[in-house]
Amino acid sequence: MLEFLYNNIGTIIVAVMVAAVVAAVIIKMAKDKKSGKGSCSGDCSCCGACSHSTKS
């Protein structure tokens, strides 16, 4: 078991760092959504992904 850890320590460290960054991004997005700071500004005239636009 220790040999496996020793041989793969670099990969393990990088994987932990990537997982930490992903977790931080998800937590930040959840906090922003909860506080109403979503990415939607309400200006549908300049939004290409708007699903509630009145454009015809």
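**View 1. What counts as a helix or a strand in this chain.** Helices here are DSSP runs of H or I with at least four residues, strands are runs of E with at least two, and both are numbered from the N terminus. Counted this way, the predicted model has two helices and zero strands. Helix 1 covers 2–7 and helix 2 covers 9–34. Of the 56 residues in the chain, 5% count as buried. The chain has an accessible surface of about 5,200 Å², and carbon and sulfur atoms account for 68% of that area.

View 2. Look for M1, L2, F4, L5, I12 and V16, which together make a nonpolar surface patch of about 650 Å². Both helices take part, as helix 1 and helix 2 each supply at least two residues. Which helix gives the most to the patch? Helix 1 does, with three residues.

View 3. Side chains of opposite charge can pair when their charged atoms come close. In this view K28 forms a salt bridge with D32, and their closest N and O atoms are 3.0 Å apart. The count for the model comes to one salt bridge. Where do the two partners sit relative to each other? K28 and D32 are four residues apart in helix 2, so about one helical turn separates them. An α-helix has 3.6 residues a turn, so residues three or four places apart point the same way. Is K28 buried or partly exposed? K28 counts as partly exposed because its relative accessibility is 49%.

**View 4. Helix 2 from end to end, and what follows.** Helix 2 has 26 residues, so at 1.5 Å a residue it should span 38 Å. Its end C-alpha atoms are 37 Å apart, which agrees with that expectation. Now step past the end of the helix: just after helix 2, G36 takes a positive phi of about 85°.

Terms used
Residues are numbered from 1 along each chain as its sequence is written. This is a predicted model: local features need pLDDT of at least 70, side-chain atom pairs count only at pLDDT 80 or more; totals for chains, interfaces and linings use all residues. Side-chain values use heavy atoms; hydrogens and water are left out. Patches are made of residues with over 30% relative accessible area and no salt bridge: like charges are joined within 9 Å, nonpolar side chains (Val, Leu, Ile, Met, Phe, Trp, Tyr) within 5 Å. Accessible areas come from the Shrake-Rupley method with a 1.4 Å probe; for residues, only the protein chains shown count as cover. A salt bridge is a side-chain nitrogen of Lys or Arg within 4 Å of a carboxyl oxygen of Asp or Glu. Buried means under 20% relative accessible area, exposed over 50%, partly exposed in between (1.4 Å probe, protein chains only). The expected span of a helix is 1.5 Å times one less than its number of residues.
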